[in-house]
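Here is a short tour to read with the model open beside you. Have a look at the fold, and then let us walk through it together.

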Amino acid sequence: MDLHLKDKVIIVTGGARGIGKAISKALVEEGAITVIIDKSEETVKTLPDSSQKSHIFKADLTSYNACKDVLNEIVEEFGRVDGLVNNAGFNDGIGLEHGSPEKFIQSLNNNAGHYYYMMHYALPYLKESKGSVVNIGSKTSITGQGNTSGYVAAKGAILSLTREWAVELLPYSIRVNAVIPAEVATPLYDAWLKGFADPQEKLKQVSKKIPLENRLTKPEEIANTVLFLLSDRTSHTTGQWLFVDGGYTHLDRSIS
Ligand code: NAP
């Protein structure tokens, strides 16, 4: 199926690693002009050779001024924005008992703040293109995880904002959807596993609880759904939360 993404200018936040990198690669393969915003420049070296169509902009998205500046730079270079994937995020483990009010607010800013900042500054261009937006959430905002109040509050807000923006932007035909992963094999996930005494054992335990094929989701499996939502093949889909999680959130995890 042709997704009609060729030459579309699509921004991916946190596109240098993990899920964002898989999304960026898939976009390049579809011929999109792929604009990555990340703290690291690693991606450019790792994208396929046909990647003249990928571009990286360095910015720390936790600052709204940085979001504004990088958006201006992107528009100056490419003249338009056809899509935005809000993906950058970090499960920073700011809990209730062992956290603090200051760290909680910081975590909200780090994980949800830039979704708003990027949308706010991209909006005039998305209005011109009738663009599509995909927000990456997390199953933790539905299931809870323990010891991570800041991250789950941010991810919950992202799901609510997906609905809120889908409604507010109806007059402009801008579609806004969310993709919700559960357990995905990425550098962030590896770092989390390394926090356990026996990471391999922990990985086995987690995999056993994922109903479909008892394995982690591959970043490419998230990317494929994101591209579908960005494309005009989903032209009447908005305000939706799509769980790409091997059934983790909704199916009975006690089945063997
Ligand atoms: P990852 O492997 O850590 O990749 C995230 C990328 O975003 C990294 O390159 C990171 O840079 C960058 N980044 C983070 N914060 C940034 C900021 N403030 N400014 C600029 N760049 C920033 O993470 P991932 O596992 O792919 O996760 C991507 C998204 O999926 C996140 O929103 C996460 O919450 C969500 N998610 C992941 C899983 C999972 O199992 N992996 C599950 C549920 C939800 P640095 O590495 O330099 O920090």
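Among contacts in the chain between residues at least 6 apart in sequence, what percentage join residues at least 24 apart? The value is 70%, where a contact means heavy atoms within 4.5 Å.

## What you are looking at

This is a predicted model, in which local features need pLDDT of at least 70 and side-chain atom pairs count only at pLDDT 80 or more, while totals for chains, interfaces and linings use all residues. Residues are numbered from 1 along each chain as its sequence is written, and side-chain values use heavy atoms, with hydrogens and water left out.

## The chain overall

The chain contains nine helices and seven strands. Along the principal axes, the C-alpha atoms fill a box of roughly 50 × 45 × 35 Å. The radius of gyration is 18 Å, which agrees with the value near 18 Å for a compact globule of 256 residues; this radius is taken over C-alpha atoms, and the globule rule is 2.2 Å times the number of residues to the power 0.38.

Of the 256 residues, 47% are buried. Here buried means under 20% relative accessible area, exposed means over 50%, and partly exposed is in between, using a 1.4 Å probe and protein chains only. The chain exposes about 12,700 Å², and carbon and sulfur atoms supply 51% of that area. Accessible areas come from the Shrake-Rupley method with a 1.4 Å probe, and for residues only the protein chains shown count as cover.

## Helix α1

Helix α1 takes in residues 18–29. Its 12 residues should span 16 Å at 1.5 Å a residue, and the end C-alpha atoms are 17 Å apart, which agrees. The expected span of a helix is 1.5 Å times one less than its number of residues.

How many of the 12 residues of α1 are buried? The count is 10, so α1 is mostly covered. The buried set includes K21 along with G18, I19, G20 and A22. Just after α1, G31 takes a positive phi of about 85°.

## Helix α3 and its packing

Helix α3 (residues 64–78) has 15 residues and reaches 21 Å from its first C-alpha to its last, close to the 21 Å expected at 1.5 Å a residue. Its buried residues are A66, C67, V70, L71, I74, V75 and F78. They cover an arc of only 165° around the axis, which puts them on the same side of α3; the arc is that of the directions from the helix axis to the C-beta atoms.

What do the buried residues of α3 pack against? Their partners are the strands β1 (9–13), β2 (33–38) and β3 (54–58), together with helix α4 (101–129). After α3 comes G79, with a positive phi near 80°.

## Aromatic pairs

Rings of Phe, Tyr and Trp (its six-membered ring) pair if their centres lie within 6.5 Å; planes under 30 degrees apart count as stacked, over 60 as edge-to-face and the rest as tilted. By this rule there are five aromatic pairs. One of them joins Y64 and Y117, edge-to-face at 5.5 Å centre to centre with 65° between the planes. This pair links distant parts of the chain, with Y64 in helix α3 and Y117 in helix α4, 53 residues apart. Y64 is partly exposed at 48% relative accessibility, whereas Y117 is buried at 15%.

W192 and F196 also pair edge-to-face, with ring centres 5.0 Å apart and planes at 75°. W192 is partly exposed, with a relative accessible area of 31%, and F196 is partly exposed at 30%. Y189, W192 and F196 form one aromatic cluster.

D7 has a positive phi near 65° although it is not glycine. D7 sits in the segment before β1 and is partly exposed at 39% relative accessible area. E213, another residue other than glycine, has a positive phi near 70°. E213 lies in the loop between α8 (199–208) and α9 (219–230) and is exposed, with a relative accessible area of 54%.

Finally, find L170 in the loop between α6 (149–168) and β6 (175–180). L170 counts as exposed at 51% relative accessibility. Its C-alpha atom is separated by 27 Å from that of G14, 156 residues apart along the chain.

Methods:
Helix = DSSP H or I, 4+ residues; strand = E, 2+ residues; numbered from the N terminus.
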